[in-house]
Amino acid sequence: MSVKLEELFVVVLSRTRSVPFIIPPKFHGRDWINLTNGEQVQKDSDPYVTPESGPRCSFHSLAGAYVIGSINPELYKFPEDKSETDFPECNIGRLWFSVEYEQEAERLLVSLIKARKLQPPTDSCSPFVKIYLLPDERRYLQSKTKRKTLNPQFDENFIFQVSSKTLCQRTLKFSVYHVDKQKKHHLLGQVIFPLKNETLTGDSKLVIWRDLEAENLEPPSEYGDIQFSLSYNDYLGRLTVVVLRAKGLKFQDEREIASVYIKVSLMNHNKFIKCKKTTAVLGSPNPVYNETFSFKADQTELDTASLSLSVLQSAEGDKTHLLGRVVVGPFMYTRGKELEHWNEMISKPKELVKRWHALCRNT
C-alpha cells in the first residue's frame, strides 16, 4: 500500500509544484464546507454533526483522504547563498571567518573557516593565514598550511586576550600567504576587519566573509598616506566619504600614546560648509577607521565644492597637531591623483571609488 501511495504522490507532484495538504480519513467525521476545485475546509460551528459526503478530489483513492489546500515550496526556500559563486571582476580571493567575544574571560575567539578562489603567482598554491590584532603588528597567530589548493578549508580556532575597554579600538588583520617550493612566502591578499562596529557579545558567533585586498606595497609618503572612498548619488544630491585607514603617520610627540582621528570637511568656494570626525584610534601609525560620512551637495555645486581630510593627533588639553592633510575636488582646487579621484567619482554615480593619497602639511 505504501508503495502505491508514493507512486501516486510522484505522479501528482510531477504535474504541480505545490504540495497537497491532506486530511486523514480519521477526521472525516468532522463538518466540511465546499471550496472551489473540490477542496474542503472544516466549519467552526457544530463540529459533531456528520455531513453528507462531500466531493472528493483526485486523492479519493488514498484511503478516503481529502485535499483541503496546498503548500507552495517556493515560499519556504532559504535565500540562496551566492557568496561562493558571485565573485566580482579582478577578485583575488575571498575569506570566511567568525568572531565572538567572551565578556567575563575577556577573550576574543576567532574561527578561520575557509578561503576560495585564491590567485597565486604560480599554478600551485599552498596557502596559510597570519592573524593580527592591530595595532600590535609584531605578534600574530598562524594557521596550518594547506597543500596544493586554491580553495582551502581551515576550520581552525584562535584566541586573543583583550580587555573589553580596548576591544572597540582593535582591528583584526588576516594576511593570506602562499608558500612556494623554495619555502618563500608570497602575500596573496589581506582582510582588514575593525571590531568597533560589530556586536560580538551575543549568543551566537558572527560569521563574516570578505574579499581579499591587495596590499599597498608602495613605501609611505613623507607624512604618511590615507585611504578613502568617494561616492556621489546624483538623485539624492548626496556626497559620501568612507574613511578607511591611514599608514606611516609621523607622530609629533613620541613620548605619549598618540590618539589620532580624521576630520572630513566639505568646502564650497573655499568656504567652510560642514565637518565630521572619526573616532580616535590609540597608539598606531597605521590606524583603521572604516567610517562613513554623508554630506548634502547639489550636482551644480560639484564644480566649486571640495573635500579636505585632515589627520589630527590629540595633545594636552584641547590642542591638536596636524599630521597631514589631503584635498580632493575639481580642477579649480586640485591636480593629479586628487583631481582624478574626484572626476572618477562623478563619472561613476552611486559607485564607491577607493584610492590612496599622500598626506601633505602645506595644503
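Guide: Tyr132 stands opposite Lys173 in β10. The strands to follow are β7 (residues 127–134) and β10 (residues 171–179). They run antiparallel, joined by eight bridges. Strands here are DSSP runs of E, at least two residues long, and helices are runs of H or I, at least four; both are numbered from the N terminus. Two strands count as paired if DSSP finds at least two bridges between them. The model is predicted: local features need pLDDT of at least 70, side-chain atom pairs count only at pLDDT 80 or more, and totals for chains, interfaces and linings use all residues. Residues are numbered from 1 along each chain as its sequence is written, and side-chain values use heavy atoms, with hydrogens and water left out.

Now move along the sheet. β10 also pairs with β11, antiparallel, through nine bridges. Val179 faces His185 in β11. Five residues lie between the two strands of this hairpin, and Lys183 takes a positive phi near 65°. The whole open sheet has four strands, ordered β8-β7-β10-β11, with antiparallel pairing. β8 (136–142) and β11 (185–194) are the edge strands; each has a single partner, so one side of each lacks a neighbour in the sheet. From one strand to the next, the twist averages 25° (axes are lines fitted to C-alpha atoms, for helices over the stretch in contact; angles run from 0 to 180 degrees between N-to-C directions).

Is β11 open or enclosed? Seven of its ten residues are buried, so β11 is largely enclosed by the rest of the structure. Buried means under 20% relative accessible area, exposed over 50%, and partly exposed in between (1.4 Å probe, protein chains only). Glu104 is at the other end of that scale: its relative accessible area is 82%, so Glu104 counts as exposed. Glu104 sits in the loop between β5 (94–102) and β6 (107–116). Its C-alpha atom is 9.7 Å from that of Ser163, 59 residues apart along the chain.

Nine bridges pair β13 with β14. Tyr232 has Leu239 in β14 as its bridge partner.

The largest nonpolar core holds 31 residues. Such a core is a set of buried Ala, Val, Leu, Ile, Met, Phe, Trp, Tyr and Cys residues joined through side-chain atoms within 4.5 Å. Val241, Val264, Leu307 and Leu309 have the most contacts inside it. Among the elements that each supply at least two residues are β13 (225–233), β14 (238–247), β18 (288–296) and α2 (336–347). Leu309 touches residues including Ile226, Phe228, Val241 and Val264 (contact means heavy atoms within 4.5 Å). A second, separate core has 27 residues, including Val99, Ile131, Leu133 and Val162.

Finally, the chain as a whole. Its secondary structure comes to two helices and 21 strands. Of its 363 residues, 42% are buried. Among contacts between residues at least 6 apart in sequence, 62% join residues at least 24 apart.

Notes
Lists of a residue's contacts leave out its neighbours within four places in sequence.
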